[in-house]
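The notes are grouped by topic and follow the display below.

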Amino acid sequence: MKTSIIWFKTDLRVEDNETLLKAIAQSEQIIPVYCFDDSHFETTAYGFKKTGSFRAQFLLDSVEDFDKNLRKLGSGLVILKGKPEVELAKIVQEYKAQKVFAKREVAFEEKQTEKVVQAELFKLRCELETFSTSTLYHAEDLPFSVKDIPDVFTNFRKKIEKESKIRSVFRKPEQINSPEIPQMKLPTLEDLGLEFSKIDSRAVMQFKGGETEALKRLNHYFFETKSLSTYKETRNGMIGADYSSKFSAWLALGCVSPRFIYAEVKKYEKRYGANDSTYWLIFELLWRDFFRFMFKKHQTKFFLYSGIKSETINSKSLREKLLWQWVNGVTNSDFINANMRELKQTGFMSNRGRQNVASYFCNELNMDWRLGAAYFEETLIDYDVCSNWGNWAYLAGVGNDPRGHRYFNIEKQANDYDKNRAFRDLWLQKK
(Lines give C-alpha, C1' and ligand atoms only; values in the text may rest on other atoms or scores of the structure.)
Protein backbone atom coordinates (compact mmCIF):
# COMPACT_ATOMS: atom_id res chain seq x y z
CA MET A 1 0.00 0.00 0.00
CA LYS A 2 1.44 3.38 -1.00
CA THR A 3 1.72 5.38 2.22
CA SER A 4 2.75 9.04 2.38
CA ILE A 5 3.45 11.43 5.22
CA ILE A 6 2.28 15.05 5.12
CA TRP A 7 4.54 17.25 7.20
CA PHE A 8 2.44 20.28 8.16
CA LYS A 9 4.14 23.46 9.33
CA THR A 10 2.62 26.90 8.74
CA ASP A 11 -0.23 25.48 6.63
CA LEU A 12 -2.65 24.31 9.31
CA ARG A 13 -5.84 24.21 7.25
CA VAL A 14 -8.01 21.87 5.19
CA GLU A 15 -9.40 24.59 2.82
CA ASP A 16 -7.15 25.59 -0.10
CA ASN A 17 -4.33 23.23 0.82
CA GLU A 18 -2.66 21.93 -2.33
CA THR A 19 -0.15 19.85 -0.36
CA LEU A 20 -2.97 17.91 1.31
CA LEU A 21 -4.85 17.30 -1.94
CA LYS A 22 -1.75 16.24 -3.90
CA ALA A 23 -0.80 13.79 -1.15
CA ILE A 24 -4.31 12.28 -1.16
CA ALA A 25 -4.26 11.97 -4.98
CA GLN A 26 -0.87 10.22 -5.05
CA SER A 27 -1.26 7.89 -2.08
CA GLU A 28 -3.46 5.06 -0.88
CA GLN A 29 -3.19 6.29 2.69
CA ILE A 30 -1.65 9.33 4.35
CA ILE A 31 -0.31 10.19 7.79
CA PRO A 32 -0.62 13.91 8.68
CA VAL A 33 2.19 15.00 11.00
CA TYR A 34 3.08 18.14 12.94
CA CYS A 35 6.50 18.45 14.58
CA PHE A 36 7.18 20.88 17.42
CA ASP A 37 10.71 21.76 16.36
CA ASP A 38 12.98 22.19 19.40
CA SER A 39 14.92 24.95 17.64
CA HIS A 40 11.76 27.11 17.51
CA PHE A 41 11.74 27.35 21.31
CA GLU A 42 15.38 28.23 21.87
CA THR A 43 16.86 31.63 22.75
CA THR A 44 18.26 33.48 19.73
CA ALA A 45 21.66 35.13 19.38
CA TYR A 46 19.92 38.42 20.29
CA GLY A 47 18.92 37.15 23.72
CA PHE A 48 15.19 36.78 23.01
CA LYS A 49 13.12 33.62 22.81
CA LYS A 50 12.41 32.53 19.25
CA THR A 51 8.77 31.92 20.22
CA GLY A 52 7.13 33.65 23.17
CA SER A 53 4.14 32.36 25.12
CA PHE A 54 1.41 34.30 23.24
CA ARG A 55 2.39 32.86 19.87
CA ALA A 56 3.04 29.41 21.34
CA GLN A 57 -0.49 29.37 22.82
CA PHE A 58 -1.94 30.46 19.46
CA LEU A 59 0.05 27.65 17.81
CA LEU A 60 -1.25 25.05 20.29
CA ASP A 61 -4.83 26.24 19.62
CA SER A 62 -4.22 26.01 15.87
CA VAL A 63 -2.73 22.51 15.97
CA GLU A 64 -5.58 21.28 18.17
CA ASP A 65 -8.21 22.74 15.83
CA PHE A 66 -6.45 21.30 12.78
CA ASP A 67 -6.52 17.83 14.35
CA LYS A 68 -10.30 18.20 14.92
CA ASN A 69 -10.84 19.24 11.30
CA LEU A 70 -8.76 16.33 10.02
CA ARG A 71 -10.69 13.87 12.20
CA LYS A 72 -13.97 15.04 10.64
CA LEU A 73 -12.46 13.84 7.33
CA GLY A 74 -11.38 10.45 8.72
CA SER A 75 -7.80 11.26 9.65
CA GLY A 76 -5.98 13.07 12.49
CA LEU A 77 -2.64 14.56 13.40
CA VAL A 78 0.41 12.70 14.65
CA ILE A 79 2.34 14.98 17.01
CA LEU A 80 6.13 14.86 17.09
CA LYS A 81 8.56 16.89 19.17
CA GLY A 82 12.29 17.26 18.65
CA LYS A 83 14.40 17.71 15.52
CA PRO A 84 12.26 17.31 12.38
CA GLU A 85 14.96 15.35 10.52
CA VAL A 86 15.14 12.79 13.35
CA GLU A 87 11.42 12.56 14.14
CA LEU A 88 10.22 12.45 10.53
CA ALA A 89 12.73 9.71 9.70
CA LYS A 90 11.30 7.61 12.56
CA ILE A 91 7.72 8.05 11.31
CA VAL A 92 8.76 7.22 7.72
CA GLN A 93 10.31 3.97 8.96
CA GLU A 94 7.36 3.13 11.21
CA TYR A 95 4.80 3.47 8.39
CA LYS A 96 7.18 2.41 5.55
CA ALA A 97 6.29 5.64 3.75
CA GLN A 98 7.70 6.27 0.29
CA LYS A 99 7.10 9.99 0.20
CA VAL A 100 6.81 13.06 2.42
CA PHE A 101 4.75 16.03 1.21
CA ALA A 102 5.32 19.50 2.70
CA LYS A 103 4.95 23.22 2.17
CA ARG A 104 7.91 24.86 0.41
CA GLU A 105 9.99 27.28 2.47
CA VAL A 106 11.82 30.44 1.40
CA ALA A 107 13.55 31.89 4.50
CA PHE A 108 17.06 30.80 5.44
CA GLU A 109 16.61 28.71 8.61
CA GLU A 110 13.45 27.07 7.29
CA LYS A 111 15.25 26.19 4.02
CA GLN A 112 18.15 24.70 6.00
CA THR A 113 15.74 22.50 7.97
CA GLU A 114 14.08 21.42 4.72
CA LYS A 115 17.49 20.44 3.27
CA VAL A 116 18.51 18.44 6.35
CA VAL A 117 15.17 16.61 6.37
CA GLN A 118 15.52 15.84 2.66
CA ALA A 119 19.02 14.42 3.19
CA GLU A 120 17.81 12.12 6.00
CA LEU A 121 14.82 10.94 3.95
CA PHE A 122 17.07 10.26 0.96
CA LYS A 123 19.00 7.75 3.11
CA LEU A 124 15.68 5.95 3.64
CA ARG A 125 14.84 6.07 -0.09
CA CYS A 126 11.99 8.39 0.70
CA GLU A 127 11.26 11.42 -1.46
CA LEU A 128 10.37 14.93 -0.19
CA GLU A 129 8.02 16.89 -2.44
CA THR A 130 7.18 20.49 -1.61
CA PHE A 131 4.45 22.86 -2.78
CA SER A 132 4.24 26.63 -2.79
CA THR A 133 1.09 27.38 -0.76
CA SER A 134 1.72 30.63 1.15
CA THR A 135 1.18 33.40 -1.37
CA LEU A 136 -1.66 35.07 -3.22
CA TYR A 137 0.14 34.78 -6.57
CA HIS A 138 1.80 31.46 -7.28
CA ALA A 139 5.58 31.65 -7.69
CA GLU A 140 5.32 29.95 -11.11
CA ASP A 141 2.92 32.65 -12.36
CA LEU A 142 5.18 35.64 -11.70
CA PRO A 143 5.96 37.73 -14.79
CA PHE A 144 9.67 37.67 -13.91
CA SER A 145 12.28 35.18 -12.73
CA VAL A 146 13.19 35.22 -9.03
CA LYS A 147 16.47 37.05 -9.66
CA ASP A 148 14.65 39.75 -11.65
CA ILE A 149 11.87 40.50 -9.15
CA PRO A 150 11.84 44.31 -8.74
CA ASP A 151 13.14 45.44 -5.34
CA VAL A 152 10.61 48.28 -5.28
CA PHE A 153 7.09 47.24 -4.28
CA THR A 154 5.23 49.59 -6.66
CA ASN A 155 7.10 48.19 -9.69
CA PHE A 156 6.42 44.64 -8.48
CA ARG A 157 2.72 45.35 -7.87
CA LYS A 158 2.02 47.10 -11.19
CA LYS A 159 3.60 44.37 -13.28
CA ILE A 160 2.07 41.49 -11.35
CA GLU A 161 -1.43 43.01 -11.35
CA LYS A 162 -1.22 43.54 -15.11
CA GLU A 163 0.40 40.29 -16.19
CA SER A 164 -0.44 37.57 -13.64
CA LYS A 165 -3.61 35.84 -12.53
CA ILE A 166 -4.54 34.60 -9.07
CA ARG A 167 -5.31 30.89 -9.15
CA SER A 168 -8.61 29.59 -7.84
CA VAL A 169 -8.73 27.96 -4.40
CA PHE A 170 -8.56 24.22 -3.79
CA ARG A 171 -11.68 22.89 -2.10
CA LYS A 172 -11.17 20.86 1.04
CA PRO A 173 -11.09 17.07 0.53
CA GLU A 174 -14.28 15.12 1.18
CA GLN A 175 -12.43 12.31 2.87
CA ILE A 176 -8.90 11.30 3.88
CA ASN A 177 -7.83 7.69 3.98
CA SER A 178 -5.54 7.22 7.00
CA PRO A 179 -4.80 4.29 9.30
CA GLU A 180 -6.21 4.78 12.77
CA ILE A 181 -4.42 7.74 14.30
CA PRO A 182 -4.43 7.76 18.10
CA GLN A 183 -5.86 10.78 19.94
CA MET A 184 -3.40 13.62 19.87
CA LYS A 185 -1.30 14.49 22.90
CA LEU A 186 -0.32 18.13 22.64
CA PRO A 187 2.74 19.42 24.50
CA THR A 188 2.00 22.01 27.18
CA LEU A 189 3.58 25.47 27.30
CA GLU A 190 5.76 24.12 30.12
CA ASP A 191 6.94 21.30 27.82
CA LEU A 192 8.03 24.01 25.39
CA GLY A 193 9.90 25.89 28.12
CA LEU A 194 7.30 28.67 28.45
CA GLU A 195 4.81 29.97 30.99
CA PHE A 196 1.21 30.84 30.24
CA SER A 197 0.54 34.57 29.74
CA LYS A 198 -3.02 35.79 29.75
CA ILE A 199 -3.85 38.31 27.02
CA ASP A 200 -4.62 41.62 28.75
CA SER A 201 -8.33 42.51 28.79
CA ARG A 202 -7.54 45.81 27.02
CA ALA A 203 -6.39 43.90 23.92
CA VAL A 204 -7.95 44.66 20.53
CA MET A 205 -9.24 41.08 20.65
CA GLN A 206 -8.62 37.77 22.41
CA PHE A 207 -6.79 35.86 19.69
CA LYS A 208 -7.49 32.13 19.42
CA GLY A 209 -5.70 29.98 16.87
CA GLY A 210 -7.11 27.60 14.29
CA GLU A 211 -8.85 27.47 10.91
CA THR A 212 -12.28 27.44 12.56
CA GLU A 213 -11.53 30.78 14.28
CA ALA A 214 -9.94 32.20 11.12
CA LEU A 215 -13.08 31.54 9.07
CA LYS A 216 -15.27 32.89 11.86
CA ARG A 217 -13.20 36.11 11.95
CA LEU A 218 -13.37 36.44 8.17
CA ASN A 219 -17.14 36.00 8.18
CA HIS A 220 -17.46 38.58 10.98
CA TYR A 221 -15.27 41.21 9.31
CA PHE A 222 -16.74 40.77 5.85
CA PHE A 223 -20.34 39.61 5.99
CA GLU A 224 -21.62 40.28 9.53
CA THR A 225 -20.26 43.80 10.00
CA LYS A 226 -19.35 44.76 6.39
CA SER A 227 -16.24 46.36 7.91
CA LEU A 228 -14.38 45.53 4.70
CA SER A 229 -16.19 48.40 2.93
CA THR A 230 -14.46 50.96 5.18
CA TYR A 231 -11.11 49.17 5.66
CA LYS A 232 -9.01 51.80 3.89
CA GLU A 233 -10.38 54.60 6.08
CA THR A 234 -10.09 52.75 9.39
CA ARG A 235 -6.97 50.57 8.95
CA ASN A 236 -4.69 53.03 10.78
CA GLY A 237 -6.83 52.76 13.91
CA MET A 238 -5.41 51.63 17.23
CA ILE A 239 -8.29 50.57 19.50
CA GLY A 240 -10.86 47.82 18.96
CA ALA A 241 -11.23 44.70 16.87
CA ASP A 242 -12.66 46.03 13.63
CA TYR A 243 -10.45 48.94 12.53
CA SER A 244 -8.52 46.33 10.53
CA SER A 245 -9.05 42.72 9.48
CA LYS A 246 -6.69 41.19 12.11
CA PHE A 247 -6.19 38.22 9.76
CA SER A 248 -2.40 38.32 10.14
CA ALA A 249 -2.04 35.80 12.98
CA TRP A 250 -4.08 33.16 11.15
CA LEU A 251 -2.25 33.91 7.89
CA ALA A 252 1.10 33.49 9.66
CA LEU A 253 0.28 29.89 10.65
CA GLY A 254 -1.57 29.17 7.44
CA CYS A 255 -4.91 28.64 9.21
CA VAL A 256 -6.30 30.55 6.21
CA SER A 257 -4.65 31.20 2.85
CA PRO A 258 -4.34 34.60 1.16
CA ARG A 259 -6.02 33.09 -1.91
CA PHE A 260 -9.03 32.01 0.15
CA ILE A 261 -9.32 35.56 1.54
CA TYR A 262 -9.06 36.95 -2.01
CA ALA A 263 -11.89 34.65 -3.19
CA GLU A 264 -14.06 35.84 -0.28
CA VAL A 265 -13.29 39.50 -1.12
CA LYS A 266 -14.52 38.81 -4.67
CA LYS A 267 -17.75 37.26 -3.27
CA TYR A 268 -18.17 40.30 -1.03
CA GLU A 269 -17.67 42.70 -3.96
CA LYS A 270 -20.36 40.90 -5.98
CA ARG A 271 -22.77 41.22 -3.10
CA TYR A 272 -21.98 44.69 -1.73
CA GLY A 273 -19.89 46.37 -4.43
CA ALA A 274 -16.19 46.97 -4.92
CA ASN A 275 -14.44 50.13 -3.67
CA ASP A 276 -11.01 51.38 -2.60
CA SER A 277 -11.31 49.47 0.67
CA THR A 278 -12.00 46.08 -0.88
CA TYR A 279 -9.01 46.63 -3.19
CA TRP A 280 -6.83 47.80 -0.29
CA LEU A 281 -7.15 44.50 1.56
CA ILE A 282 -5.84 42.70 -1.54
CA PHE A 283 -3.12 45.38 -1.80
CA GLU A 284 -1.98 44.47 1.74
CA LEU A 285 -1.92 40.75 0.83
CA LEU A 286 0.33 41.74 -2.09
CA TRP A 287 2.82 43.31 0.34
CA ARG A 288 2.90 39.95 2.10
CA ASP A 289 3.67 38.23 -1.21
CA PHE A 290 6.32 40.82 -2.02
CA PHE A 291 8.32 40.16 1.15
CA ARG A 292 8.07 36.40 0.67
CA PHE A 293 9.40 36.68 -2.90
CA MET A 294 12.10 39.09 -1.70
CA PHE A 295 13.31 36.41 0.72
CA LYS A 296 13.41 33.94 -2.16
CA LYS A 297 15.54 36.41 -4.10
CA HIS A 298 17.87 37.80 -1.40
CA GLN A 299 17.98 34.82 1.01
CA THR A 300 20.17 35.51 4.05
CA LYS A 301 20.63 39.23 3.35
CA PHE A 302 17.51 40.22 5.30
CA PHE A 303 19.16 38.96 8.49
CA LEU A 304 22.37 40.92 7.95
CA TYR A 305 23.04 44.25 9.56
CA SER A 306 23.40 45.90 6.13
CA GLY A 307 20.25 44.21 4.78
CA ILE A 308 19.98 44.18 0.98
CA LYS A 309 21.88 47.48 0.68
CA SER A 310 25.64 47.71 0.38
CA GLU A 311 26.11 50.87 2.43
CA THR A 312 25.23 50.78 6.12
CA ILE A 313 23.40 53.59 7.82
CA ASN A 314 22.51 52.23 11.20
CA SER A 315 24.30 51.99 14.46
CA LYS A 316 25.34 48.57 15.72
CA SER A 317 25.31 49.70 19.28
CA LEU A 318 23.48 47.83 21.99
CA ARG A 319 22.76 49.93 24.99
CA GLU A 320 21.13 47.58 27.46
CA LYS A 321 19.37 50.34 29.36
CA LEU A 322 17.75 51.85 26.24
CA LEU A 323 16.74 48.42 24.96
CA TRP A 324 15.15 47.62 28.34
CA GLN A 325 13.27 50.96 28.33
CA TRP A 326 11.95 50.32 24.80
CA VAL A 327 10.88 46.73 25.54
CA ASN A 328 9.09 47.74 28.75
CA GLY A 329 7.50 50.93 27.44
CA VAL A 330 9.32 53.38 29.71
CA THR A 331 11.03 55.59 27.11
CA ASN A 332 10.66 59.38 26.95
CA SER A 333 7.79 59.07 24.43
CA ASP A 334 4.33 58.24 25.77
CA PHE A 335 3.14 57.15 22.29
CA ILE A 336 5.97 54.61 21.99
CA ASN A 337 5.37 53.45 25.59
CA ALA A 338 1.67 52.81 25.01
CA ASN A 339 2.40 50.73 21.90
CA MET A 340 5.19 48.73 23.52
CA ARG A 341 3.04 47.95 26.57
CA GLU A 342 0.22 46.79 24.31
CA LEU A 343 2.68 44.45 22.55
CA LYS A 344 4.16 43.11 25.77
CA GLN A 345 0.77 42.41 27.36
CA THR A 346 -1.17 41.16 24.35
CA GLY A 347 1.26 39.94 21.66
CA PHE A 348 -0.29 42.40 19.19
CA MET A 349 0.32 45.94 17.96
CA SER A 350 -1.36 47.98 15.22
CA ASN A 351 0.38 48.56 11.90
CA ARG A 352 0.70 52.25 12.77
CA GLY A 353 2.27 51.37 16.12
CA ARG A 354 4.76 48.95 14.56
CA GLN A 355 6.05 51.56 12.13
CA ASN A 356 6.49 54.14 14.86
CA VAL A 357 8.23 51.93 17.40
CA ALA A 358 10.58 50.59 14.72
CA SER A 359 11.41 54.08 13.48
CA TYR A 360 12.01 55.19 17.09
CA PHE A 361 14.28 52.19 17.71
CA CYS A 362 16.38 52.80 14.59
CA ASN A 363 16.45 56.60 14.54
CA GLU A 364 16.02 57.91 18.09
CA LEU A 365 17.72 55.08 19.99
CA ASN A 366 20.09 54.43 17.09
CA MET A 367 20.51 50.72 17.79
CA ASP A 368 21.03 47.62 15.65
CA TRP A 369 17.61 47.15 14.00
CA ARG A 370 17.92 43.35 14.22
CA LEU A 371 17.49 43.50 18.00
CA GLY A 372 14.09 45.11 17.49
CA ALA A 373 13.15 42.52 14.85
CA ALA A 374 14.22 39.70 17.20
CA TYR A 375 12.08 41.10 20.03
CA PHE A 376 9.09 41.22 17.67
CA GLU A 377 9.85 37.63 16.67
CA GLU A 378 9.51 36.52 20.28
CA THR A 379 6.48 38.62 21.14
CA LEU A 380 4.13 38.92 18.17
CA ILE A 381 1.28 36.43 17.88
CA ASP A 382 1.25 37.11 14.13
CA TYR A 383 5.01 36.80 13.60
CA ASP A 384 5.83 35.87 10.03
CA VAL A 385 9.51 35.61 9.20
CA CYS A 386 9.37 37.41 5.82
CA SER A 387 6.98 40.20 6.82
CA ASN A 388 8.73 40.86 10.14
CA TRP A 389 12.34 40.98 8.97
CA GLY A 390 11.38 42.55 5.63
CA ASN A 391 9.46 45.37 7.34
CA TRP A 392 12.18 46.01 9.92
CA ALA A 393 14.86 46.22 7.20
CA TYR A 394 12.55 48.60 5.30
CA LEU A 395 12.15 50.89 8.33
CA ALA A 396 15.88 50.73 9.06
CA GLY A 397 16.66 51.95 5.54
CA VAL A 398 18.45 48.74 4.52
CA GLY A 399 15.49 47.01 2.85
CA ASN A 400 13.06 47.72 0.03
CA ASP A 401 12.32 51.39 0.70
CA PRO A 402 13.28 53.34 -2.44
CA ARG A 403 13.44 56.54 -0.37
CA GLY A 404 16.19 55.25 1.90
CA HIS A 405 15.92 56.06 5.57
CA ARG A 406 12.29 56.20 6.72
CA TYR A 407 11.94 58.62 9.60
CA PHE A 408 8.72 59.14 11.56
CA ASN A 409 8.05 62.26 13.56
CA ILE A 410 6.63 60.44 16.59
CA GLU A 411 4.88 63.47 18.13
CA LYS A 412 3.17 64.31 14.85
CA GLN A 413 2.14 60.67 14.41
CA ALA A 414 0.71 60.60 17.93
CA ASN A 415 -1.30 63.75 17.24
CA ASP A 416 -2.52 62.43 13.88
CA TYR A 417 -3.49 58.94 14.99
CA ASP A 418 -4.26 59.38 18.69
CA LYS A 419 -5.69 62.90 18.66
CA ASN A 420 -7.77 62.57 21.82
CA ARG A 421 -5.13 60.42 23.59
CA ALA A 422 -7.61 57.52 23.94
CA PHE A 423 -4.99 54.94 22.98
CA ARG A 424 -2.30 56.37 25.27
CA ASP A 425 -4.76 56.73 28.16
CA LEU A 426 -5.85 53.10 27.69
CA TRP A 427 -2.34 51.66 27.90
CA LEU A 428 -0.60 54.09 30.24
CA GLN A 429 -3.21 53.98 32.99
CA LYS A 430 -2.31 52.24 36.23
CA LYS A 431 -4.18 48.97 36.40
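Two strands pair if DSSP finds at least two bridges between them. Helices (H or I, at least four residues) and strands (E, at least two) are DSSP runs, numbered from the N terminus. The model is predicted, so local features need pLDDT of at least 70 and side-chain atom pairs count only at pLDDT 80 or more, while totals for chains, interfaces and linings use all residues. Residues are numbered from 1 along each chain as its sequence is written, and side-chain values use heavy atoms, with hydrogens and water left out.

**The sheet**

- Five strands form an open sheet, "5 strands" in the order β3-β2-β1-β4-β5, with parallel pairing.
- The edges are taken by β3 and β5 (127–131), each with a single partner strand, so one side of each has no neighbour in the sheet.
- On average, neighbouring strands of this sheet are turned by 30 degrees against each other, direction ignored; axes are lines fitted to C-alpha atoms, for helices over the stretch in contact, and angles run from 0 to 180 degrees between N-to-C directions.
- β4 and β5 are parallel and share 5 bridges, and phenylalanine 101 faces glutamate 129 of β5.

- In strand β1 (residues 3–8), 6 of 6 residues are buried, where buried means under 20% relative accessible area, exposed over 50%, and partly exposed in between (1.4 Å probe, protein chains only).
- Thr3, Ile5 and Trp7 point one way from β1, Ser4, Ile6 and Phe8 point the other way, and all are buried.
- β1 runs parallel to strand β2 (residues 29–37), joined by 6 bridges, and serine 4 stands opposite isoleucine 30 of β2.
- β1 also pairs in the parallel sense with strand β4 (residues 99–103) over 4 bridges, where lysine 99 is the bridge partner of serine 4.

**Helices with the sheet**

- Helix α1 (residues 18–26), together with β1 and β2, makes a right-handed β-α-β unit; a crossover is right-handed if, with the strands pointing away from the viewer, the path from the first strand over the helix to the second runs clockwise.
- Helix α4 (residues 108–123) lies across β1, β2, β4 and β5, at about 150 degrees to β5; contact means heavy atoms within 4.5 Å.

**Salt bridges**

- The structure holds 32 salt bridges, each a side-chain nitrogen of Lys or Arg within 4 Å of a carboxyl oxygen of Asp or Glu.
- Glutamate 15 and arginine 171 form a salt bridge (3.4 Å, N to O).
- Glutamate 15 sits in the loop between β1 and α1, and arginine 171 in the loop between α5 (153–163) and α6 (211–224), 156 residues apart.
- Glutamate 15 is buried, at 16% relative accessible area.
- Aspartate 38 and lysine 81 meet in a salt bridge (3.2 Å, N to O).
- Aspartate 38 lies in the loop between β2 and α2 (53–72) and lysine 81 in strand β3 (residues 78–82), so the pair ties together parts 43 residues apart in sequence.
- Aspartate 38 is partly exposed, with 33% relative accessible area, and lysine 81 is partly exposed at 38%.
- Aspartate 242 and arginine 217 also meet in a salt bridge (3.0 Å, N to O).
- Aspartate 242 is in the loop between α7 (231–234) and α8 (248–252) and arginine 217 in helix α6, so this pair ties together parts 25 residues apart in sequence.
- Aspartate 242 is partly exposed, at 27% relative accessible area, whereas arginine 217 is buried at 7%.
- Salt bridges with shared partners join Asp334, Asp418, Arg421, Arg424 and Asp425 into one network.
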